[in-house]
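Please open the model in your viewer and keep the selection panel at hand.

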Amino acid sequence: MATGFAAVSIRVSDEVLTRRQLVGSRMHDLRLGAQPPYVDQARSKDNSVLAMAAGFDKRGMAWTRFLDKHTEKLADRRVKKTSGDRLYRAAIITFSHEAQALLGAEHPDTTAKAALEDYAQRHGVALLWAVAHRDESAIHYHAMFENIREDGTSVTLKRVDLKREQDILGEHFAHLGIKRGITKVARLKAGAPTSEVLNRSVKQLHEDLPMEIDAAQLKLAALQTKAATAAERLAVAEAKVAAAELSGSDVVSKLAARVLTYERRLAETQSQLRDVEIALKAKSALLDEIGAREQAVQAKEIEQAERDALTLEA
């Protein structure tokens, strides 16, 4: 997030997450099991838990049984009864390079926690966990929320709502001299040089890519679930058309139109899925390439240092 000034950004998942996606996010956020190569596990001890709802720190079968009950409770509470278990919403708070430099060794855990608790309170949902990651290239925060309120209604966030969340987050961090992030389009309109907005140095890529990969993986999981649901609905609709044709029902045309709708939705989702997969592979490959280059440079530096040492000894 190169901005030219100290900026903070919050990305709230635009799609409501399923139980399966919550489990995957929890594995990453709490550093459970195998982790991506960009995680420096020697520094994972420096991570911190800002908030943890009762039960979400359980392990093994105790965790599985707890999550079964929790998911069932949320689904029962939901006023609008729908199929599936889309009950959760994730968020990540990140900082521009300038904000990281401004913070230095200071960790704004208290401010981040207050901002995440504020989101939960304003939307009437529970904050399930909030963690600080310091074992990647830059400090950032992950959080998970219930998306069903106590009255059974679901939180719906449109684009304007997501922008408002950025404004509110900026207000929380203002006392640290950190502002809300500005979109690339807004920066270009304000006269920022195109190269400054669109191009990133290797150092910036190394810092940004891990968090971008996290966000892409979250979106990929959401699209995979969406595609599976669309495929399931298409199969059901096709079966109904076949049954209606056999019985000579006059609703065949209506059902056939429904099939076309589901086919279109499935095709659109699969197209989005392919785009995200391609982007994710490209980001991962670029991160691997940067890592390989850094290792090569380091190896050359060591080799040169050894040659210099031999020269001095001679």
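Strands (E, at least two residues) and helices (H or I, at least four) are DSSP runs numbered from the N terminus, and two strands pair if DSSP finds at least two bridges between them. The model is predicted, with local features needing pLDDT of at least 70 and side-chain atom pairs pLDDT 80 or more, while totals for chains, interfaces and linings use all residues. Residues are numbered from 1 along each chain as its sequence is written, and side-chain values use heavy atoms, without hydrogens or water.

Begin with the open sheet, whose six strands follow the order β2-β4-β5-β3-β1-β6 with mixed pairing. Because β2 (48-52) and β6 (179-180) each have a single partner strand, one side of each lacks a neighbour in the sheet. Next select β2 and β4 (residues 127-133), an antiparallel pair with four bridges; here S48 stands opposite A132 of β4.

Move to H140 in β5. Is this residue buried or exposed? H140 is buried, because its relative accessibility is 0% (buried means under 20% relative accessible area, exposed over 50%, partly exposed in between, with a 1.4 Å probe and protein chains only).

Finally, display α1 with helix α2 (residues 60-77).

Notes. Axes fitted to C-alpha atoms, helices over the stretch in contact; angles between N-to-C directions.
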